[in-house]
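Hi everyone, thanks for coming. Please take a moment with the sequence and the structure, and then I'll walk you through them.

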Amino acid sequence: MLNLVSLLFLCGSAHLAAGACATGWVQFETSCYKIEARAIKQWTDAKKACEAEKAQLTIIMTKEENDFVQRELRKLQIADMGMQFWMDGTDITTEGQWIWESTGEYFEIYDWSPGEPNQSGGEEDCMSFFRLYDYHWNDEHCNRPEGYVCEKEMASGPAVG
Ligand SMILES: [Ca+2]
Ligand SMILES: [Ca+2]
Ligand SMILES: [Ca+2]
């Protein structure tokens, strides 16, 4: 049964390739992503902004997904080396124990920038893609206004065939 479901899903998604994500969102596998570089926000507000669009801060589960988001970030050609983009990871509950906030799951992969996470100033508990390190990961002060990346699952239940 699972195999049949997978097969139907794959069949369906093949027909979804174009225009499946709303304008302003980009697709990778079964997710749509939106990068916000202008309306910078603190981590909690960025999270709310994603939720207002029925999305969440992005959760990076695979190297391929990480590569994809980093490629999209590089396309922006941001000059400010200090610029960062929030994702869903946090260690605010238990210092040094990183989880994806929206799911409570531990990380499957890590892509920290050199020397990160460094808990700079004793309170860096939110996770970002860091321009300085070509968008590898950083722990950052949650109250810093930064860009952010929202992610949502593509609309389910497409007509098959
Ligand atoms: Ca994801
Ligand atoms: Ca921390
Ligand atoms: Ca840091």
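Let's start at helix α2, residues 43–51, where W43, A46, K47 and C50 are buried. These four cover an arc of only 100° around the axis, which puts them on the same side of α2. The arc is taken from the directions that run from the helix axis to the C-beta atoms. As for "buried", that takes 20 or more other C-beta atoms within 10 Å of a residue's own; 12 or fewer makes a residue exposed, anything in between is partly exposed, and the C-beta atoms are placed from the backbone. Helices (H or I, at least four residues) and strands (E, at least two) are DSSP runs, numbered from the N terminus.

Before going on, a word on what you are looking at: this is a predicted model, where local features need pLDDT of at least 70, side-chain atom pairs count only at pLDDT 80 or more, and totals for chains, interfaces and linings use all residues. Residues are numbered from 1 along each chain as its sequence is written, while chains are lettered from A and ligands numbered from 1 in the order in which they are written.

What covers the buried residues of α2? The cover includes β2 (31–41), β3 (56–57), β4 (84–90), β7 (126–130) and β9 (146–153).

Stepping back, the protein chain has three helices and nine strands, in the order α-β-β-α-β-α-β-β-β-β-β-β. Of its 161 residues, 30% count as buried. Two residues are in contact if their C-beta atoms, placed from the backbone, lie within 7 Å. Among contacts between residues at least 6 apart in sequence, 69% join residues at least 24 apart.

Now to α3, residues 63–75. N66, V69 and L73 are the buried residues of α3. Seen down the axis, they fall within an arc of 70°, so they line one face of the helix. The face turned away from them carries the exposed K63, E64, R71, R74 and K75. Covering the buried side are elements including β2, β4, β7 and β9.

Next, the largest nonpolar core, which has 23 residues; L57, W86, M87, F129, Y148, V149 and C150 have the most contacts inside it. Such a core is a set of buried Ala, Val, Leu, Ile, Met, Phe, Trp, Tyr and Cys residues joined through C-beta atoms within 7 Å. Its largest share, four residues, comes from β7. F129 touches V69 and L73, among others.

That brings us to the hairpin formed by β7 and β8, with five residues between the strands. The two run antiparallel, joined by five bridges; strands pair if DSSP finds at least two bridges between them. One such bridge links F130 with H136 in β8.

Phi is positive in both: near 55° for D134 and about 75° for Y135. Most residues other than glycine have a negative phi, and most peptide bonds are trans. On that last point, the bond from E116 to P117 is cis, with omega near -5°.

Definitions and conventions. Lists of a residue's contacts leave out its neighbours within four places in sequence.
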